[in-house]
Amino acid sequence: MSKPLVDIMKLNKERYGTTFDFNKALDKLKEELQEFIDAEEMQDEEGKVDALADIIVIAAGELVKLRYNPELTLKQTVKEISSRRQDPAQAQRWAANNKQPGEKWLKDINQPKDTLYKADYSTCKLPTN
């Protein structure tokens, strides 16, 4: 596991404990999301970066509390997302340089199911001690 993720594990163990509590996790994520919204309203780029980084730290810590390796879960998620094909009409528009800034990438809803990868998070479980 990468050093930042190991540091997150250590931070959780030392400061927050290792027991997953849905409501506490949700409260922490909501607080950081509100900080992100507030930073946008103030046009505070560093505030936005800080809030997003804090969300990553919280999410990774909560994954560990659920006994999952955050790095491996991210790899599974990226593999699943990367197996998706773009909506053909959108792909055609984008190829013609008709892409709106920040436009959401749309999935091809007709992509054959056998070409889609489904994340296997069971391979990401941390050993129990």
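A: Buried means under 20% relative accessible area, exposed over 50%, and partly exposed in between (1.4 Å probe, protein chains only). By that scale, Arg 93 is partly exposed at 31% relative accessibility. This is a predicted model, in which local features need pLDDT of at least 70 and side-chain atom pairs count only at pLDDT 80 or more, while totals for chains, interfaces and linings use all residues. Residues are numbered from 1 along each chain as its sequence is written, and side-chain values use heavy atoms, with hydrogens and water left out.

A salt bridge is a side-chain nitrogen of Lys or Arg within 4 Å of a carboxyl oxygen of Asp or Glu; the count by this rule is seven. Arg 93 forms one of them with Glu 103, at 2.6 Å from N to O. Arg 93 belongs to helix 5 and Glu 103 to the segment after helix 5, so this pair ties together parts ten residues apart in sequence. Helices (H or I, at least four residues) are DSSP runs, numbered from the N terminus.

Glu 80 and Lys 118 also meet in a salt bridge, at 4.0 Å from N to O. Because Glu 80 lies in helix 4 and Lys 118 in the segment after helix 5, the pair ties together parts 38 residues apart in sequence. Glu 80 is buried at 16%, whereas Lys 118 is exposed at 61%.

Within helix 1 (residues 3-16), Asp 7 and Lys 3 lie four residues apart, about one turn of the helix. Their side chains meet at 2.8 Å, N to O. Asp 7 is partly exposed at 35%, and Lys 3 is exposed at 59%. Finally, a network of salt bridges links Lys 28, Glu 62 and Lys 65.

Methods
Helix = DSSP H or I, 4+ residues; strand = E, 2+ residues; numbered from the N terminus.
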